[in-house]
Amino acid sequence: MNTCLFCHSNGPFSKPEHIIPEALGNDDLILFDEVCDKCNQYFGSKIENFVLGKTPIAFWRTFLGIQKKKGKLPHVNLSQPKKQKGRLSSIHKIHDNFVGFTCHDDYSISVDIDDSNIIRDIIAGTQKEFKFVFTPYVLSMMGRFFCKIGIELLCLNDRKHARSHFFDQARNFARNGNGIDLWPIFHGQSGTIQVLKKRSMDNEGLKEEVFCYHYQLLELDSGYTLLVLTIGTDVWIISLNDPYPKPVICDAFPDNKIKLIWYTPEEVEKSSGNRGTHT
Ligand SMILES: [Zn+2]
């Protein structure tokens with residue numbers, strides 16, 4: 001009998017599992033009979049909803065105009081309930097909590113600002129960019145999102161390998177978030193914003209091609225199994241078989257200026273008390 005990739009239950013398996021959310025434009029990377037309905041529902045409502053709405057991925061979703069299931073254009077709200085802010089006030093003096101983005105029918109983007117001080121500073125010319133801080137909570141959720149995607153991509157290639165003990169921690173972190181609080185995420189840049197949307201004219205009129213995402217599973221000689229996921233101009237890299245960050249991972253991507261986004265346990269501790277729940 002088949003068992004669920006994440007919780008080892010015997011199903012039911014009635015829903016297709018989208019490896020990368022449909023909201024990012026995925027309609028062909030799908031697992032059948034591998035992820036049970038309960039885990040499918042959990043990932044959608046607890047992890048993907050958050051990541052697609054309240055992290056830098058939300059910005060790309062808006063910028064690229066990837067339509068939601070119901071055909072509405074996405075709205076990004078980067079504000080978070082207080083208990084989820086996980087803010088490191090001693091480290092990040094400025095965290096623009098009140099900034100969101102809206103994509104309109106003509107693909108123009110507007111920025112929604114819900115803070116009169118920020119508006120004043122923009123008018124005065126002193127605020128030139130918006131800062132979005134990766135709080136421990138945001139990092140944890142993004143780590144779980146990437147672990148889920150990576151494990152499911154492995155499963156697409158080799159369902160037995162994806163269930164091997166090498167990936168126990170990643171599967172457990174994606175589904176339960178326990179054991180360790182953060183999974184190291186490496187971030188870099190690739191390409192420019194100008195090449196993400198290509199417009200061309202043909203007999204049927206104006207066509208627009210939009211780059212949504214690109215993924216790669218890599219096995220390094222050093223033994224790491226990596227997920228490399230590019231969304232917009234952001235490159236996200238995680239190691240699926242070892243949660244401890246090693247510089248050798250950065251060395252494998254000399255062109256992308258890869259940096260580790262990480263908090264030490266002490267920094268996480270300092271921000272605790274308003275980190276919210278992880279489940
Ligand atoms: Zn399950």
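Val138 sits in helix α4, residues 136–157 (helices, H or I of at least four residues, and strands, E of at least two, are DSSP runs numbered from the N terminus). This is a predicted model, where local features need pLDDT of at least 70, side-chain atom pairs count only at pLDDT 80 or more, and totals for chains, interfaces and linings use all residues. Residues are numbered from 1 along each chain as its sequence is written.

Now look at the sheet. Five strands form an open, antiparallel sheet in the order β9-β10-β11-β6-β12 (two strands pair if DSSP finds at least two bridges between them). At its edges are β9 (213–219) and β12 (259–261), each pairing on one side only. Strand β6 (residues 185–189) joins β12 through three antiparallel bridges, and His187 has Lys259 in β12 as its bridge partner. Helix α4 packs on this sheet, touching β6, β9, β10 (225–231), β11 (234–239) and β12 (contact means C-beta atoms, placed from the backbone, within 7 Å).

Back to Val138: in sequence, Val138 and Val51 are 87 residues apart, yet their C-alpha atoms are 8.0 Å apart in space. In helix α1, Val51, Leu52, Gly53 and Lys54 meet Ile57, Ala58 and Arg61 of α2. The residues of this contact are four nonpolar, one polar and two charged (Ala, Val, Leu, Ile, Met, Phe, Trp, Tyr, Cys and Pro count as nonpolar, Asp, Glu, Lys and Arg as charged, and the others, Gly among them, as polar).

Technical notes
Contact = placed C-beta atoms within 7 Å. Axes fitted to C-alpha atoms, helices over the stretch in contact; angles between N-to-C directions.
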